[in-house]
Amino acid sequence: MQGPNKMSKKSRTYKSYREKLENPVEGLPKVVDVPAKWQKQMGGKRILVPTPMLVDELIRKVPKRKLITTGQIRKQLAKKFKADSTCPMTVGIFLRICGETAEEDLRNGKKRITPYWRVVKDDGSLNPKFPGGINAQAKRLREEGHAVVAGKGKKPPKVRDLEKTLL
């Protein structure tokens, strides 16, 4: 028997990002009714909670030299499921899963990966939570011909002339 100060070794298995992408929480996607006090923040009364695969499928459709914003992703998903909006928090989490899965796939020898770096925030700024942070995203965007300009102060870099590059 172990004493109170000794920690037992717990065996914990971690899911790969591919598993997180392909095996979402049971019951998703679903449209939920939002309490009145959260409706303004969430963007409506009926909110879609998507799956990572739904987000991934949209990103895969973005061709080279084109970009999509998180807002566009949320609007397209909401429209598909006849919801007012799509949960911003889960979309953010799922974007990260898409990016990490793509990098995992690249390390495993896959040639065609989800072009997660083509997703920017609604104002054109880069996503610091993507694999490699804003420097890696900026490098990939520049390789595809996008102009990335430095952010002011603590703000992240942005894509120049965002409107011209959107889907």
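Student: In the protein chain, what share of the contacts with a separation of 6 or more is accounted for by residues 24 or more positions apart?

Tutor: This is a predicted model. Of the contacts with a separation of 6 or more in the protein chain, 61% are between residues 24 or more positions apart.

Student: How many helices and strands does the protein chain have, and in what order do the elements run?

Tutor: The chain holds seven helices and seven strands. Read from the N terminus, the elements follow the order α-β-α-β-α-β-α-β-α-β-α-β-β-α.

Student: What are the spans of the C-alpha trace along its principal axes, and what is the accessible surface of the chain?

Tutor: The C-alpha trace spans about 65 × 40 × 35 Å along those axes. The accessible surface is about 11200 Å², and carbon and sulfur atoms contribute 52% of that surface. As for burial, 41% of the 167 residues are buried.

Student: How many disulfides does a search of the whole structure find?

Tutor: A disulfide is a covalent bond between the sulfur atoms of two cysteines. The search of this structure returns zero disulfides.

Student: Are C87 and C98 buried or exposed?

Tutor: A residue counts as buried under 20% relative accessible area. C87 is therefore buried, at 7% relative accessibility, and C98 is buried at 0%.

Student: How many aromatic pairs are found, and which residues do the ring pairs link into a cluster?

Tutor: The search of the whole structure gives two aromatic pairs. In the pair formed by Y116 and W117, the ring centres are 5.3 Å apart and the planes meet at 80 degrees, so the geometry is edge-to-face. The pair of Y116 and F130 is also described as edge-to-face, because its planes stand at 75 degrees, with 5.2 Å between the ring centres. Through these ring pairs, Y116, W117 and F130 form a cluster.

Student: Where in the chain do Y116 and F130 lie?

Tutor: Y116 is in the loop between α5 (88-107) and β5 (119-120), whereas F130 is in the loop between β5 and α6 (133-143). The two residues are 14 residues apart, and their pair links distant parts of the chain.

Student: Which charged ends sit over the rings of W117 and Y17?

Tutor: The charged end of R140 sits over the ring of W117, at 4.4 Å from the ring centre. Over the ring of Y17 sits the charged end of K20, 4.6 Å from the centre of that ring.

Student: Where is E19 found, and which backbone nitrogen does its side chain reach?

Tutor: E19 belongs to helix α1 (residues 17-22). Its side chain reaches the backbone nitrogen of S16 at 2.6 Å. With 36% relative accessibility, E19 counts as partly exposed.

Student: What separates the C-alpha atoms of E19 and T101?

Tutor: Those C-alpha atoms are 8.8 Å apart, although E19 and T101 are 82 residues apart along the chain.

Terms used:
Residues numbered from 1 in each chain as written. Predicted model: local features only at pLDDT ≥ 70, side-chain atom pairs only at ≥ 80, totals over all residues. Heavy atoms only, no water. Disulfide = S-S within 2.5 Å. Buried < 20%, exposed > 50% of the residue type's maximum accessible area, 1.4 Å probe, protein only. Helix = DSSP H or I, 4+ residues; strand = E, 2+ residues; numbered from the N terminus. Polar contact = N/O pair within 3.5 Å; in protein donor to acceptor, adjacent residues only side chain to side chain. Phe/Tyr/Trp six-rings, centres within 6.5 Å; stacked < 30°, edge-to-face > 60°. Lys NZ or Arg CZ within 6 Å of the ring centre and 35° of its normal. Contact = heavy atoms within 4.5 Å. Areas by Shrake-Rupley, 256 points an atom, 1.4 Å probe, with all protein chains shown as cover.
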